[in-house]
Amino acid sequence: MSTWERSAITVATLLPLVGAVVIALVPRDRDRLVRGLGILFTGAAMVVAIALAVDFDYGAGGGLQFELDTRWIPAISARYHVGIDGISLPLWVLTFVLSFLCAVYTWRFVPSPGKTKAFLALTLLLETGMAGTFIAFDLVLFFIFWELVLVPMYFLIGIWGSANREYAAIKFFLYTLFGSVFMLLGFLAMYFKSSPHTFDIVQLQAYGAGGGFTRTFQLIVFGAVALGFAVKVPMWPFHTWLPDAHTEAPTIGSVLLAGIMLKMGTYGFVRIALPILPEGAKAYAPWIGALAAIAIVYAALACLAQKDLKRLIAFSSVGHMGFVMLGIATLTEIGINAAIFGMVAHGLITGMLFFCVGSVYDRYHTRMIAELGGGLMQKLPYLGGVFTFVAIASLGLPGLAGFWGEVMALLSAYRPAPVLADQLTLFRAFMIAGGIGTILTAGYFLWMIQRVNMGTVPERWRESPFPDVLAVEWVSWVPLLVSIVALGLFPRLLIGITDGPVRALMGLFGG
């Protein structure tokens, strides 16, 4: 492997950080230059990521590729260890693609109070933190990238958000920080208990799979790290920060929060918690499955009660991530594959939903369903059509990306891992709850479409000269729309990447 190949993932991950520094040095009055630089740096990082995806050896997706493992902080045995396998590749590439499309969107839409320099610099910093989480194979490095996303998202919500932005930003910050403290304590416990002491994730996986950690230790530490991941997912009942953060965040913030940040928690379960602490995973799996089942039904019922369009989409994320966690809880190959597919599909679909809601708000200056009053298909047929299509994808229509993650998660719950054979009845109850959730999900999305898209245009909006979908919106949206259809029709495009590494992971885990 060449030096370029080993350093390419670092280059792609740090390019947005370099872009943030460059933008910070640009004079304040060069607004268009700043927006162009945002597109340039996110685009360059995306090109490098796609080039690596093309060069990726999919026949050996279970092992790390483009790996770089070198000394970093020898005093604490922390190393700069990065790499990509078939589990992290889809999420890593999705991070760059979605960030680039968000940068394109800002060419036309920068929320009040403006401050384009700070807005784009923070967005680029956020991109580096998210991307780094998916390539870090040292717990210290993982934690640094994990925490790096906290500050830019806090300011994106707190400065560019809606009326209750300060409350939502502080709530987001405190919840995430609370979970991170327990996660860090779990990481330190694994370091001191391992022999020799190490933060290396690959070495810890081998150590945990070999019985290096006692069952009591695993039960305690799994609970600590799972709490940190659960807050980020967020799992019920740690979800209450999410609707507020989504509702108050600017459009770009909501897209990146739903599309990428939530996946950091579920990725942490798959990458760290399950393979390093297998006995803890077996013990906690029924509880994780129970919380996931509750989340699916609860979120759907909450969506039926929402009056704010954006808050409805926010609560839907809680339910969709419930399906992801249900797949993880089964400890099966099909369940983990379902979880990864669900992560990517949710990133595409819900990110697109928040784009649509942002564009609706940009025209109507309200997100209240009653004030919108219906008639969107008549007033803005292209925007209404896109919104309808993405909502139907989100409810899990066969042939679109939202279907496969959910149906595979339900299938895995019907037959969980052999180590959970004594919990078979319980997991099948979770499957039934998930099935009820899918029906309720179809109900609230169809009701939303009826109230927002259908009917005649209310009198107060008939003379308003709203533009339909703009060129910059089409450029930002078409890649997501195409991906939703492609993954729905050809799920093997993604499962073919993840299946091998998931099988290797579960072999290490013993599932």
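## A buried aromatic cluster

In this predicted model, F142 is buried, with a relative accessible area of 0%, and F229 is likewise buried, its relative accessible area also being given as 0%. The rings of F142 and F229 form an edge-to-face aromatic pair, with 6.4 Å from centre to centre and 85° between the planes. This pair links distant parts of the chain, since F142 belongs to helix α5 (residues 139-148) and F229 to helix α9 (residues 215-232), and the two positions are 87 residues apart.

F229 also takes part in an edge-to-face pair with W146, for which the centres are 5.6 Å apart and the planes stand at 65°. Because W146 lies in helix α5 and F229 in helix α9, the pair ties together parts of the chain that are 83 residues apart in sequence. W146 and F229 are both buried. Ring pairs join F142, W146, F187, F229 and F269 into a cluster, and the count of aromatic pairs in the model comes to 28.

A273 is found in helix α11 and is buried, with a relative accessible area of 0%. A273 and L120 are separated by 153 residues in sequence and by 34 Å in space, taken from C-alpha to C-alpha.

T251 is also found in helix α11, which covers residues 251-276. At 17% relative accessibility T251 counts as buried, because the limit for that class is under 20%. When residues up to four places away in sequence are not counted, T251 touches Y105, K310, F354, F355 and G358. In helix α9 lies A226, which is buried with a relative accessible area of 11%; A226 and S359 are 133 residues apart in sequence and 36 Å apart in space, C-alpha to C-alpha.

## Packing of α14 against α18

Helix α14 (residues 333-364) and helix α18 (residues 401-414) have axes that come within 8 Å and cross at roughly 155°. An angle over 145° counts as roughly antiparallel, and α14 is therefore roughly antiparallel to α18. The crossing of α14 and α18 is left-handed.

On the α14 side, the contact involves I334, G335, N337, A338, F341, G342, A345 and I349, and these meet A401, G402, W404, G405, M408, A409, L411 and S412 of α18. By residue class, the contact of α14 with α18 divides into ten nonpolar, six polar and no charged residues.

## Packing of α17 against α21

Helix α17 (residues 381-394) and helix α21 (residues 471-489) pack at an angle of about 35°, with their axes 12 Å apart, and the crossing of α17 and α21 is left-handed. From α17 the contact draws on Y382, L383, V386, F389, V390 and A393, while α21 supplies W474, W477, L481, I484 and V485. The residues of this contact of α17 with α21 divide into eleven nonpolar, no polar and no charged.

## Backbone features in the loops

Most residues other than glycine have a negative phi, and most peptide bonds are trans. Against that background, a cis peptide bond joins V233 and P234, with omega of about -5°, and P234 lies in the loop between α9 and α10 (241-248). Another cis peptide bond joins W236 and P237, where omega is about 10°, and P237 is also placed in the loop between α9 and α10.

Conventions
Residues numbered from 1 in each chain as written. Predicted model: local features only at pLDDT ≥ 70, side-chain atom pairs only at ≥ 80, totals over all residues. Heavy atoms only, no water. Axes fitted to C-alpha atoms, helices over the stretch in contact; angles between N-to-C directions. Helix = DSSP H or I, 4+ residues; strand = E, 2+ residues; numbered from the N terminus. Parallel < 35°, antiparallel > 145°, perpendicular 65-115°, else oblique. Left-handed = near helix turned anticlockwise from the far one by under 90°. Contact = heavy atoms within 4.5 Å. Nonpolar A, V, L, I, M, F, W, Y, C, P; charged D, E, K, R; others polar. Phe/Tyr/Trp six-rings, centres within 6.5 Å; stacked < 30°, edge-to-face > 60°. Buried < 20%, exposed > 50% of the residue type's maximum accessible area, 1.4 Å probe, protein only.
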